[in-house]
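Here is a short tour of a two-chain model for you to follow on screen. Please have the sequence and the coordinates at hand.

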Amino acid sequence: MYVEESIMQKGLPATAGSKSLEGFIAPFDATVVTLLGDKTGRFKLGEFGLSKPKQLPDGTLLCNDVFGHIRRMAAENGMFYIRPTYGTVSRYGLIPTASSMDQIGILCKDPNEGFALLEQIAVADAKDGAMAGNTLPKEEPPRKRDISEEIQELVLTVLAYAEISNNISRYDGVKFGFRAAGCTGLESLYTKTRTEGLGLEAKLAAVTGCAVLSQEHYETIYVKAMKIRRLIKESVRFDKAEIVKVTPGSPLAVLCGLPSLTFSHKGEGIQLIANVSNEKALLSEWEAMQ
Amino acid sequence: MKKYEAMAKLDLPEKEHQWVSEQAEMLLTSFSALESIDTEGVEPLVSVLGIQNVFREDVAVKSIAREDLLANAPEQADGYFQVPRTLE
C-alpha cells in the first residue's frame, strides 16, 4: 500500500511533487499514517495534484484528487477510485491543495478492499476542522436548476486556483523547503525562491488565483463562482438507487463534497455519486452493475 | 498579468511569463461564461459542510519541539529562522 507524497510520514520527505518542498522532512505523522501503521510506501504524483502523474502505482494508493487526473487514470487502467464524503478522512498531515475540496481518497484494484480500507481510516479527528460534521440537507432545496458540466468545470477552476494560490503562498523560503541562492533581501528571497521553486502549473494557478481574488474580479468571478457552487449543490438529483452517474472527470462530487466511485464499465469510464455519507450505495450499485 | 505575477511574488523569465499570461488570459476570458447564470438572491457557498461554528474546550497540548521545526529551516541561527539582512 502507498500514500502519496503530500501525506506526511514522520522522518521522511514530503514534497507534494514540488521543488518548493525540496529537503522538507515531515516532523509528524499524518492521521491516516498513524491509523495504518508502518505498512505504507510513498508515491509521487504531479505537483500539488495540478498535473497528471506519469503513472499509477501497482497497488492501493491513498491520495487527494481535486482535478480528476487520478479518477480518469483509474478508469483508463481498470482500477477504482473512491472519493469519500468531504470530511470523512482526516486531512491532518495532508499538504493542502484546495482546502474546501481536499479529501483523501483511495485508488485500488478491488472496490470491496477499498471500502474496507475506508472504514479503517474514516475515524473522527479533532485535528481536522472539516470533520466536525457533514450533515444531510434537512429539507428539499428551494432551487433546482441544471448547471452544465462546462460551467461546473469553470467553477472548480476559479475556486481551486484561488484556494491553491492562497495555500502555496507559504512556500517563501523562510521556514521550510527550498530557498533560492543569492537572495539580497526579504522581497528578493520570496520572489526568487518562488520563481525557482514552483512548477509552471503551480505558477499559473498562483497568478490566476491572485487575479480572481483581486478587487477587479472578486465579485464578478470569485463570489459568482461560489454562488453557482451553491446552485450546483442544490441541483443534484439522485435516482431510485440513490445514485447519480457522471463521467470520471466530472467535478460534481468534488464541488458538492459528495462521495463517488470511479471505474470502467464495459469499456467506458463512469463515476457514481451518492448522497452525503451514503458510500454504501456506491458499492451496491457497482455490484448491481456486475 | 504582470501585476498578478507580482502579487503572487513571482518574477517569471520571459518564456514562462508568456505562457502563464496567455493561459491566465484564456482562463479569465472563459470565466465570463459564469455571467450567464442567474444568481439573483443566491448566497455564496463557502463550505459544503452543513455546519456553522464548532466550539471546543481550550486545552493545552504538547506541540512540535522547536528543534524539530527548525530542522526544516533552509537557514537558522541561535534557535531562530534566518533570512537575508532586511535593514541597513
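Let's begin with one residue of chain B: T86(B) sits in the segment after β2 (80-81) of chain B. This is a predicted model, and everything below is computed from it. Is T86(B) buried or exposed? T86(B) has 9 C-beta neighbours inside 10 Å, so it counts as exposed. Leaving aside residues up to four places away in sequence, T86(B) touches G185(A) and L186(A).

**The contact between the chains**

That pair of residues takes us across to chain A. The contact as a whole takes 56 residues from chain A and 45 residues from chain B. On the chain A side, the elements that give two or more residues are α4 (149-167), α5 (186-197), α6 (200-213) and α7 (218-235). Of these, α7(A) gives the most, with 11 residues. By class, this side of chain A divides into 31 nonpolar, 15 polar and 10 charged residues.

In α5(A), the 12 residues reach 16 Å from the first C-alpha to the last, close to the 16 Å expected at 1.5 Å a residue. Its buried residues are L189(A), Y190(A), T191(A), K192(A), T193(A), R194(A) and G197(A).

The 14 residues of α6(A) should span 20 Å at 1.5 Å a residue, and its end C-alpha atoms are 20 Å apart, which agrees. α6(A) is mostly covered, with 12 of its 14 residues buried; among them are K203(A), T208(A), G209(A) and C210(A). What covers them? The cover of the buried residues of α6(A) includes α4 and α7 of chain A, together with α1 (2-7) and α2 of chain B.

**Two helix pairs**

One pair spans the two chains and the other lies within chain A; here are their axes side by side.

| Pair | Angle | Axis distance |
|---|---|---|
| α6(A) and α2(B) (residues 14-31) | roughly 50° | within 10 Å |
| α3(A) (residues 111-121) and α9(A) (residues 279-289) | about 170° | 11 Å |

The angle of roughly 50° makes α6(A) oblique to α2(B), and their crossing is right-handed. From α6(A), the contact is made by L200(A), K203(A), L204(A), V207(A), T208(A) and A211(A), while α2(B) brings E16(B), W19(B), V20(B), Q23(B), A24(B), L27(B) and L28(B). By class, the contact of α6(A) with α2(B) has nine nonpolar, two polar and two charged residues.

Within chain A, α3(A) and α9(A) are roughly antiparallel to each other. Here P111(A), F115(A) and L118(A) in α3(A) meet E279(A), L283(A) and W286(A) in α9(A). The residues of this contact divide into five nonpolar, no polar and one charged.

**Two positive phi values**

Most residues other than glycine have a negative phi. E242(A), in the loop between α7 and β6 (243-246) of chain A, has a positive phi near 65°. With 15 other C-beta atoms within 10 Å, E242(A) is partly exposed. In chain B, D78(B) lies in the loop between β1 (76-77) and β2, and its phi is positive too, near 50°. D78(B) has 5 other C-beta atoms within 10 Å and is exposed.

Key:
Residues numbered from 1 in each chain as written. Chains lettered and ligands numbered in written order. Predicted model: local features only at pLDDT ≥ 70, side-chain atom pairs only at ≥ 80, totals over all residues. Contact = placed C-beta atoms within 7 Å. Helix = DSSP H or I, 4+ residues; strand = E, 2+ residues; numbered from the N terminus. Nonpolar A, V, L, I, M, F, W, Y, C, P; charged D, E, K, R; others polar. Expected span 1.5 Å × (residues − 1). Buried ≥ 20, exposed ≤ 12 C-beta atoms within 10 Å, placed from the backbone. Axes fitted to C-alpha atoms, helices over the stretch in contact; angles between N-to-C directions. Parallel < 35°, antiparallel > 145°, perpendicular 65-115°, else oblique. Left-handed = near helix turned anticlockwise from the far one by under 90°.
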